[in-house]
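Please look over the chain and its ligands below. A short briefing follows, grouped by topic.

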Amino acid sequence: MKSVEEHLTGILERVAPLSPLELQLLDAHGSMLVDEVAATGDLPPFDNSSMDGYAVRLADVADASERYPVVLDVVADIPAGTSPDVALEPGTCARIMTGAPVPEGTEAIVPVEWTDAGMPTVRVRRTPDEGQYIRHRGDDVAAGQTVLDAGTTLNSAQVGLLAAIGRDRIRVRPRPRVVILSTGSELVQPGRPLTAGQIRDSNSYMLTAAAREAGAIAYRVGNVADDPKALIDTIEDQLIRADVVVTTGGVSAGAYDVVKEVLTELGTVDFDKVAMQPGMPQGFGTIGPDDTPIFTLPGNPVSAFVSFEVFVRPALLKMAGVTETARTVVRARCEAAFTSPEGKRQFVRAKYTPAESPAAPATVEPVGGHGSHLIGSLALADALVVVPEDVTEVRRGSTVDVMLL
Ligand SMILES: Nc1nc2c(c(=O)[nH]1)N[C@H]1C(S)=C(S)[C@@H](COP(=O)(O)OP(=O)(O)OC[C@H]3O[C@@H](n4cnc5c(N)ncnc54)[C@H](O)[C@@H]3O)O[C@H]1N2
Ligand code: MOO
């Protein structure tokens, strides 16, 4: 049997970061920036008001009070999106809206709430501080300033910033496109009735969601019957939109394990037993004219989930340009005793509770049994306890490695 490390290393050696592409801003969301981005202009691009109110000269309103309001002539009305062509003379002001450019001579903005909102004269009842409610050109971002570093995975605020500096396209490493298909003649799509001996195809949904959580663009193909021609035709049809293909089922030793049968014949996919539990039967290789990586995961739902976590997710992250591809592993006190198969690394689904104080360290509680079909308890887990190959018994209260999901 191969070790988990050997199998993972073999995979990571054969997948490469995807080539950079210039994408529309929203298509680049979630992708990694290839280049550092600098602002070509100032933000804000001009001095503007942060309040709806009146642009004033300070001397004119220095004596304003509730009791003795100052009366000013309103010589201009400046909505956002216009450019004022007035300069404030003594005794005058301009009505101005939030975001509108301040006219020449403006020393502060008086919010409309401090006035009688009058036109064409206004009564000002309070004195603003110098510069109050004026947002200055470049006080957010200065022209030439680096706003985003290369290697940033673009989140929503960063997409907003790129739009604010005028970028509508940006060069990124695209998110990998993953095609997920499950195999098995016993499978029925959710929403359809079951007949005797059938079960629902949960893997294709679970892995599509998992691929999305890993930042990929995932396409779910439903289930393909255990028929060699149907399988190869479906895979070939899907290659057009795939940077990676993931299948589940049909890789063990059964008489109808078509994935293994069909892909072994092609000679580009290796099938191995990996020393882990669950997830022992694994296949990885390439397929099609572009040598598209293909993962063939076992069909048992927990095995498929763990295999995705341990092998597929790191590969997807590497393709997206991420360098740290491993999940965070922490140490925690195990709240239950259990046994582990000798010579295999066991991944035990569990619930993790972070440390609350030095007296209450982090703990982890295994959930459900060990069966690879137990998706009910898998859904309760937020972590996997990782039990080394040479450990056959985990005692309650011992400290274990926990991979946080
Ligand atoms: N004689 C042997 N039998 C098995 C071995 C072995 O070494 N020798 N290995 C066992 C292990 S370990 C695993 S894991 C499974 C892997 O099986 P396959 O990958 O061939 O998957 P199937 O046989 O197609 O299905 C296994 C199991 O999972 C259910 N399944 C399959 N696909 C889905 C899906 N999309 N959604 C929900 N459930 C699914 C399927 O109905 C089976 O119950 O083999 C063991 N057997
Ligand atoms: O190794 Mo299989 O993946 O139980 O359950």
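Predicted model: local features only at pLDDT ≥ 70, side-chain atom pairs only at ≥ 80, totals over all residues.

Residues are numbered from 1 along each chain as its sequence is written, while chains are lettered from A and ligands numbered from 1 in the order in which they are written.

**Overall shape**

- The chain holds nine helices and 28 strands; helices (H or I, at least four residues) and strands (E, at least two) are DSSP runs, numbered from the N terminus.
- Its radius of gyration is 31 Å, well over the 22 Å that the globule rule gives for 405 residues, so the chain is more spread out than a compact globule.
- That radius is taken over C-alpha atoms, and the globule rule is 2.2 Å times the number of residues to the power 0.38.
- The C-alpha trace spans about 95 × 55 × 45 Å along its principal axes.
- Of the 405 residues, 37% are buried.
- Buried means that 20 or more other C-beta atoms lie within 10 Å of the residue's own; exposed means 12 or fewer, and partly exposed lies in between, with C-beta atoms placed from the backbone.

**Domains**

- Four domains divide the chain: domain 1 (4-18 + 175-319), domain 2 (21-43 + 139-173), domain 3 (48-135) and domain 4 (329-404).
- These bounds come from an automatic or database domain assignment.
- Between the C-alpha centres of domain 1 and domain 3 the distance is 66 Å.
- UniProt, in an unreviewed entry, places "domain: MoaB/Mog" at residues 179-318; such annotations may be inferred rather than shown by experiment.
- Residues 179-318 are 35% helix and 30% strand, with end C-alpha atoms 17 Å apart.

**Strands**

- Strands count as paired if DSSP finds at least two bridges between them.
- Three strands form an open sheet in the order E1-E12-E2, with antiparallel pairing.
- E1 (21-24) and E2 (32-33) are at the edges with a single partner strand each, so one side of each has no neighbour in the sheet.
- Four bridges join E1 to E12 (residues 169-173), and Leu21 is opposite Val172 in E12.
- All five residues of E17 (residues 244-248) are buried.
- Val244, Val246 and Thr248 point one way from E17, while Val245 and Thr247 point the other way.
- E17 pairs in the parallel sense with E13 (residues 177-183) over five bridges and with E21 (residues 292-297) over four bridges.
- Thr247 of E17 stands opposite Leu181, and its bridge partner in E21 is Thr296.

**Ligand surroundings**

- A residue is near a ligand if its C-beta atom, placed from the backbone, lies within 6 Å of it.
- Ligand 1 has 27 residues around it, of which Ser182, Asn203, Gly249, Ser252 and Gly299 come nearest.
- Helix H5 (203-213) and helix H8 (301-319) each supply at least two residues of that shell.
- The shell of ligand 1 divides into nine nonpolar, 15 polar and three charged residues.
- Around ligand 2 are Gln277, Pro278, Gly279, Met280, Pro298, Asn300, Ser303 and Ser372.
- The ligand 2 shell has three nonpolar, five polar and no charged residues.
- In these counts Ala, Val, Leu, Ile, Met, Phe, Trp, Tyr, Cys and Pro are nonpolar, Asp, Glu, Lys and Arg are charged, and the others, Gly among them, are polar.

**A loop residue**

- Arg67 sits in the loop between helix H3 (58-61) and strand E6 (70-78).
- Arg67 is exposed, with 6 other C-beta atoms within 10 Å.
- Arg67 and Arg125 are 58 residues apart along the chain, yet 7.6 Å separates their C-alpha atoms.
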